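The entries below record what I looked up and what I found.

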Amino acid sequence: GVMVLQLPLVVTAQVDLVLLLVSLLALWTRLSHLSYPNAVVFDEVYYGQFVSLYMKRVFFIDDSGPPLGHMILALGAYLGGFDGNFVWNRIGAEYPSSVSVWSLRLLPAVCGALCVPLVYLLTLELRFSHLSALGAAVLLLLENSLIVQSRFMLLESVLIFFVLLAFFSYLRFHNAPNSSWSRYSWLLVCGASCAAAVGIKYMGVFSYLLLLGVASLHTWNLIGDRTLSVCVQCVCRFVCLLVVPVLLYVFWFYVHLSVLNRSGPHDQLMSSAFQASLQGGLSRITQGQPLEVAYGSQVTLRSSASQPIPCWLHSHKANYPIRYENGRGSSHQQQVTCYPFKDVNNWWIIKDPGRQKLVVGSPPRPVRHGDVIQLVHGMTSRFLNSHDVAAPMSPHAQEVSGYIDFNVSMAAQNLWRVDISNREAESEVWKTILSEVRLVHVNTSAVLKLSGVSLPDWGFRQLEVVAEKLFKGHSSSLGWTVEEHRYGTSQEQKEREAELHSPTHIDVDRKFSFWAKFLELQWKMLTVKQEDSEHKYSSSPLEWITMETNIAYWLHSSTNAQIHLIGNPVSWGVANLSLLAYQLLAAVYLVRRRRGFKDLPDGAWGQFVCLGGVCVGGWLVNFVPFLLMEKTLFLYHYLPALCYLYLLSPALLEHAHTHLLSSVTHQRALCLCVSAVLLSVFLSYRTFCPLTYGSPELSANQLQGLRWRDTWDILYRRR
């Protein structure tokens with residue numbers, strides 16, 4: 001609006017009431033009952049892990065995109081006082097009352113709501129009428145799939161918001177009179193929005209490139225204008241649209257790396273120098289520690305499996321119970337577990353079976369692939385042992401214990417063969433951090449393995465370690481890596497305990513610059529591939545256009561209440577028709593212009609081309625790349641492309657109304673058709689509301705009636 005200040009102080013403001021109304025409706029559709037369902041919905045289980053790690057300031061790497069999106073979600077969680085203590089392990093898990101679900105979902109919902117007024121304003125900047133703007137806003141407002149995607153802790157709505165903001169602010173800048181310098185603030189907003197879009201998901205890159213293309217064309221035309229000081233304008237555009245986004249993109253990483261300064265489960269992917277720059281990680285460990293494991297070495301053995309959580313081979317002064325709850329017996333020897341925290345009881349000593357010494361000789365004798373060793377627990381001096389007794393939680397595997405001789409004819413079986421699975425030579429030396437070893441039990445050929453099952457209270461809920469006979473197959477739960485390591489110097493138990501309690505080395509501050517960290521992290525993000533798994537709800541891009549696929553986001557544990565990602569079928573139909581219509585119309589216009597018929601005045605033609613460039617171009621750059629991608633895709637990947645079509649539909653109708661229909665009767669007929677379509681859009685929205693908001697709960701027959709397509713997967717319980 002325009003503010004005019006006079007004396008006496010009178011404020012005159014122009015407010016677009018229609019814009020205000022659609023904004024309020026958008027906020028209402030996106031924000032009402034935001035904390036329902038009070039359970040983890042679909043991909044919240046994925047993003048939630050990262051939010052928790054932010055709250056704990058623990059470093060992580062996510063190959064699906066840059067960090068800004070996670071930071072925005074984490075900000076919402078932080079404002080709601082979330083402490084990160086929630087285990088995101090399954091969809092449908094209830095949130096405890098201590099978690100403010102509303103604040104976790106607030107920012108995506110607000111961004112989703114703001115997309116509606118943005119589309120309204122964007123239509124106006126494309127030089128179409130307020131009526132078209134209202135049409136576009138209504139299509140977005142009543143789009144069930146966008147509502148669902150906005151109401152949970154997901155990133156699509158935030159991405160769409162910044163993409164729309166970038167185009168709006170760019171066109172606002174472009175349409176402003178040349179004389180005003182204040183218009184460059186819009187260009188800055190545009191650059192910042194582009195950086196944000198790219199910083200949320202790499203998909204944002206395509207919209208950014210499209211915007212750069214449009215801006216380059218405009219700049220090229222500008223260079224031809226002899227009346228302006230072109231140089232300054234070009235430099236301003238270059239700075240705002242290229243330099244600013246790049247700097248901001250790096251800035252997101254700077255914030256990300258400044259916040260996440262503690263070591264965590266993903267350290268292992270990074271170089272040692274990177275890990276050493278994190279608190280509590282290898283920095284405490286690796287400096288000055290010997291590379292080669294020798295007889296007499298004191299080591300902590302970390303399981304190579306990061307599932308369920310990273311942990312270290314551990315023992316303590318507690319024995320297996322004589323009988324388990326199900327009546328099976330145990331050896332009653334000392335418990336050996338895997339413990340997810342650093343602890344003095346994680347230290348083991350590598351012993352040569354032929355010698356008594358527990359210290360490293362000089363020179364040290366390195367342990368090589370194929371050597372047979374014994375492992376002595378540092379604090380209790382028990383030998384790592386396995387025998388033909390069933391393990392507590394995995395009875396098909398052997399129990400692993402710290403050997404205690406109860407004089408009951410159970411001989412010690414404590415010899416283990418070192419098998420370096422990532423060796424390059426046959427007599428390779430066992431190396432700290434670099435070597436992944438399997439420990440093969442000599443007497444039974446079973447392999448030391450983390451089963452991943454939690455022990456009951458008698459085992460302090462630590463993770464079970466077993467020895468399992470394996471014939472084939474490589475699994476990370478069989479591998480162990482030496483992480484902390486020092487050459488033992490004390491033979492006496494008391495001195496050794498003091499040695500184990502002391503830190504491994506003197507801290508030296510290592511400088512590892514932000515740029516080095518940024519480049520390494522960026523490279524890792526682009527090259528680390530999490531294994532792509534087929535997903536029950538994954539789909540191919542061609543199924544999106546006709547919406548042959550849906551995604552069940554949430555299902556109530558006992559009733560038929562459920563939430564699905566299903567678009568508004570009428571709106572999708574309108575979007576597809578308008579895409580086709582534009583392309584046919586453009587083809588006809590181009591052929592006729594080539595033949596010398598000018599159907600449109602220059603202004604209207606320019607407007608028509610600009611509409612196609614932004615909307616059809618936007619749809620193409622956000623849809624075609626998916627046809628070439630190998631990754632697992634879902635229906636929600638189509639939402640950014642869809643928004644461009646909703647922008648296109650009303651504007652195209654207005655174009656037809658103004659330039660193609662000459663008689664009043666035809667124009668009235670068009671208006672009637674449009675009203676009928678809008679009504680059916682609304683009715684279709686109402687019909688699918690129960691699947692959008694998860695309430696009211698429907699009966700099995702009603703749910704059956706909502707299966708408009710046979711390919712949709714709607715779940716129901718027969719009562």
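Predicted model: local features only at pLDDT ≥ 70, side-chain atom pairs only at ≥ 80, totals over all residues.

**Entry 1: two helices**

From H10 they are Tyr-249, Val-250, Phe-253, Tyr-254, His-256 and Leu-257. From H13 they are Phe-514, Trp-515, Lys-517, Phe-518, Leu-521, Gln-522 and Met-525. Sorted by class, this contact of H10 with H13 has 10 nonpolar, 2 polar and 1 charged residues.

**Entry 2: strand E13**

How many residues of strand E13 are buried? I found that 6 of its 6 residues, 463–468, are buried. I then checked the two faces. In a regular strand the side chains alternate between the two faces of the sheet. On one side of E13 I found Leu-463, Val-465 and Ala-467, and on the other Glu-464, Val-466 and Glu-468, and all of these are buried.

Which strands pair with E13? I wrote down strands E5, E9 and E12.

- Strand E5, residues 334–339, runs antiparallel to E13 and is joined to it by 2 bridges. Thr-337 stands opposite Glu-464 of E13.
- Strand E9, residues 398–402, is also antiparallel to E13, with 2 bridges between them. Here Gln-398 stands opposite Ala-467.
- Strand E12, residues 447–454, pairs with E13 over 5 bridges, again in the antiparallel sense. Leu-450 stands opposite Val-465.

**Entry 3: Phe-161**

Why does Phe-161 count as buried? I looked up its relative accessibility, which is 13%. Buried means under 20%, so Phe-161 counts as buried. I located Phe-161 in helix H7, residues 156–175.

I also looked for what Phe-161 touches. Leaving out residues up to four places away in sequence, I found Cys-111, Leu-114, Cys-115 and Leu-118. I took Cys-115 as one example: Phe-161 and Cys-115 are 46 residues apart in sequence, but their C-alpha atoms are 5.3 Å apart in space.

**Entry 4: domains**

Last, I looked up how the chain is divided. Domain 1 covers 291–486 and domain 2 covers 537–718. I noted 59 Å between the C-alpha centres of domain 1 and domain 2.

Technical notes:
Residues numbered from 1 in each chain as written. Heavy atoms only, no water. Domains from an automatic or database assignment. Buried < 20%, exposed > 50% of the residue type's maximum accessible area, 1.4 Å probe, protein only. Helix = DSSP H or I, 4+ residues; strand = E, 2+ residues; numbered from the N terminus. Pairing = 2+ DSSP bridges. Contact = heavy atoms within 4.5 Å. Nonpolar A, V, L, I, M, F, W, Y, C, P; charged D, E, K, R; others polar.
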